[in-house]
Amino acid sequence: MSQLDRGTFFTTHRISDVENLVVPMRNDLCSQKYKPVDYKHLYELAAAEKMVSAKIQLQIKKTEQVSKINKEQMLLKQHRQLWWQEHKRLSENRQKAEAEIKTFLDEESHKHNFFLDMRDLEHELSKERDTYQANTVVPIWQLKENLKFRLSEMQCYLSEESCLKSKFNPVEMLQQIKFVKKQQKAVLEFLMRESLALERELEDYKTKALAHSFEEKNGVFLEVPSALLSLECPYPDLKTLVINEYRKLASGYWSKLQEIDQQLKVLYRNIEWKEEDQWVFQTVINQYPSDLQRRRTLYLDVLQRYLPHKSRHDLVVHEKAWDCYCFIRNQRRVLMLSWAQARKAFLLKAVTTVAEASAAYETEVALANTRQKQQEICADLKAKVLQWKAQQGEAAKLEAAVAARREEMKAEKERLQKEQEMIRRAQEKEKVKKYWAEKQLKWQEQEEKDLQRLEELRKLMAEQAVKDRERVKFRRALLEKRLLEQKELALKEAREEEAKEKCLEALRQQVAIVAKLDPARVVADTVASKARMGIGTKEEFDLQKPLFKLHTYSEQQIISDPRLRVELALREAGLHKTLYAKEILPKIPPLKLPRRDMESTAFKM
């Protein structure tokens with residue numbers, strides 16, 4: 001029922017009006033004021049409303065179903081993109097691994113017979129694969145092609161039943177299909193059994209290899225490296241201390257590694273999933289990269305598809321356990337990397353320490369040898385010093401005697417030099433007096449010459465000053481004359497401008513507009529408005545009349561040009577493209593030669 005229909009059944013009244021309504025109902029139940037209720041009409045209205053509600057509910061269900069389908073398609077589209085990327089990556093890795101294996105086998109087959117046996121095994125497996133394909137896969141494809149061909153024949157000959165019966169036997173074809181299915185099923189069961197047997201064999205080999213590797217790892221982990229044992233240290237206590245420190249470091253890392261391995265075993269033991277389900281879980285998780293948006297939603301959706309027997313709660317619980325397992329495994333990997341780094345650093349430090357100890361030992365031995373050699377050298381030097389002192393005393397006496405003799409000779413020589421110096425100075429004084437007398441005479445002669453030259457220059461400057469004054473007077477007269485001429489020219493131009501203004505004013509007076517006062521003309525129709533309304537327009541006008549006046553050459557002027565006439569004659573004769581026409585046309589002058597300033601020189605460069 002709509003809101004309008006429901007509104008007809010409700011009346012608005014106050015509580016005080018209830019008693020007023022009860023009294024008439026008691027007095028006259030069959031009154032005409034109250035009509036009987038039409039329950040049939042009400043049932044019809046309720047049924048109509050129920051149908052509308054059912055339709056709306058159906059539309060809501062359809063919308064939810066469409067939304068669910070769209071969401072499913074969107075998820076499948078994202079899954080396909082990621083599956084395609086994973087398929088591409090795995091194909092590339094497979095090709096790369098096969099190429100590396102082939103290269104390795106080609107390189108090592110010449111050195112070891114084992115690789116030759118591996119190559120022979122590869123050839124045998126490829127032959128078996130080809131035989132299997134020829135015996136199982138090829139017949140299926142042939143049967144498929146045969147069925148397609150028979151179906152096309154059936155579509156072509158649907159009307160010809162007799163011909164179809166003679167050519168196609170469906171019972172025989174169904175028996176053949178069942179036989180192929182049975183044969184294929186037997187082959188697949190046989191391959192499955194072989195696959196399971198190989199998997200068990202590989203698992204046995206894996207457990208044995210892991211057991212051996214654990215024992216070997218334990219021995220290698222705690223074993224002292226040969227690099228430490230082969231160190232040549234002059235101090236045995238230092239070498240023993242280094243080995244004990246290495247064993248202590250290795251035992252600490254080994255205990256941590258055993259603890260992590262024990263945690264991994266406990267976690268793996270608590271996982272109650274089958275190996276196939278666990279493999280599917282790991283493969284799906286690894287397909288989706290960690291930086292992908294909505295990664296968890298996508299891989300949980302795929303896991304629910306691949307593992308329908310597992311609920312979402314089981315998947316979430318297993319996901320948490322697997323994350324914990326991966327975290328501890330990463331811790332183990334980090335521990336192994338840190339152990340490798342610590343082992344490498346310890347070996348380097350041990351080698352450095354032993355090298356420093358060896359260098360210190362060699363230094364001590366060298367110092368002891370050097371001390372003994374120094375004592376021997378000191379004894380020899382002491383004997384030599386005593387001998388040198390005796391020789392020095394004798395040499396000092398001899399040097400003192402020689403120095404006394406040299407002092408006497410030096411004093412005599414200085415006395416002679418002083419006497420010679422006095423004689424030389426007297427001679428030089430005489431020369432200086434003579435030189436200054438000659439110098440004074442030259443100065444007097446030069447002063448007389450300079451005074452004479454100064455008098456001549458003064459006379460020339462006085463004459464030049466007279467000439468300069470006359471030149472200034474002449475230039476001033478010229479300037480005054482030029483200024484007068486400029487003033488007269490300005491007066492003349494002013495008079496001409498005034499006369500010109502007078503002429504222009506006279507012309508303005510001649511063409512001045514003299515209009516009478518006409519108010520009716522202001523509100524009257526103009527010629528343009530009359531033309532738009534068709535008043536006073538010409539009934540006929542020339543359609544061929546040009547829109548604008550053209551100022552150009554006439555036809556007679558163009559035809560009179562001799563170049564055009566010659567070109568037309570050559571064109572009529574069919575010679576306008578010949579070499580003769582190309583030579584003669586540029587040489588024909590126009591009817592009127594152009595002016596020299598209009599001639600172009602652009603193409604003459």
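Leaving aside its neighbours within four places in sequence, which residues is Glu-86 in contact with? They are Asn-286 and Gln-287, where contact means heavy atoms within 4.5 Å. This is a predicted model, in which local features need pLDDT of at least 70 and side-chain atom pairs count only at pLDDT 80 or more, while totals for chains, interfaces and linings use all residues. Residues are numbered from 1 along each chain as its sequence is written, and side-chain values use heavy atoms, with hydrogens and water left out.

**The protein overall**
- The protein has 16 helices and zero strands, these being DSSP runs numbered from the N terminus (helices are H or I with at least four residues, strands are E with at least two).
- Of its 605 residues, 13% count as buried, where buried means under 20% relative accessible area, exposed over 50% and partly exposed in between, with a 1.4 Å probe and protein chains only.
- Among the contacts with a separation of 6 or more, 63% come from residues 24 or more positions apart.
- The protein exposes about 54,300 Å², and carbon and sulfur atoms supply 58% of this area, which comes from the Shrake-Rupley method with a 1.4 Å probe, and for residues only the protein chains shown count as cover.

- Helix H3 has 70 residues and reaches 100 Å from its first C-alpha to its last, close to the 104 Å expected at 1.5 Å a residue; the expected span is 1.5 Å times one less than the number of residues.
- Glu-86 lies in helix H3 and is buried, with a relative accessible area of 10%; the buried residues of H3 also include Leu-75, His-79 and Leu-82.
- The axes of H3 (residues 39–108) and H10 (residues 295–306) come within 11 Å and cross at roughly 95 degrees, the axes being lines fitted to C-alpha atoms over the stretch in contact, with angles from 0 to 180 degrees between N-to-C directions.
- The two helices H3 and H10 are therefore roughly perpendicular to each other, since angles of 65 to 115 degrees count as such, under 35 as roughly parallel, over 145 as roughly antiparallel and the rest as oblique.
- Residues making this contact include Leu-75, His-79 and Leu-82 of H3, together with Leu-298, Val-302 and Tyr-306 of H10.

**Helix H4**
- The 44 residues of helix H4 (residues 113–156) should span 64 Å at 1.5 Å a residue, and the end C-alpha atoms are 63 Å apart, which agrees.
- Arg-119 has its place in helix H4 and is partly exposed, with a relative accessible area of 24%.
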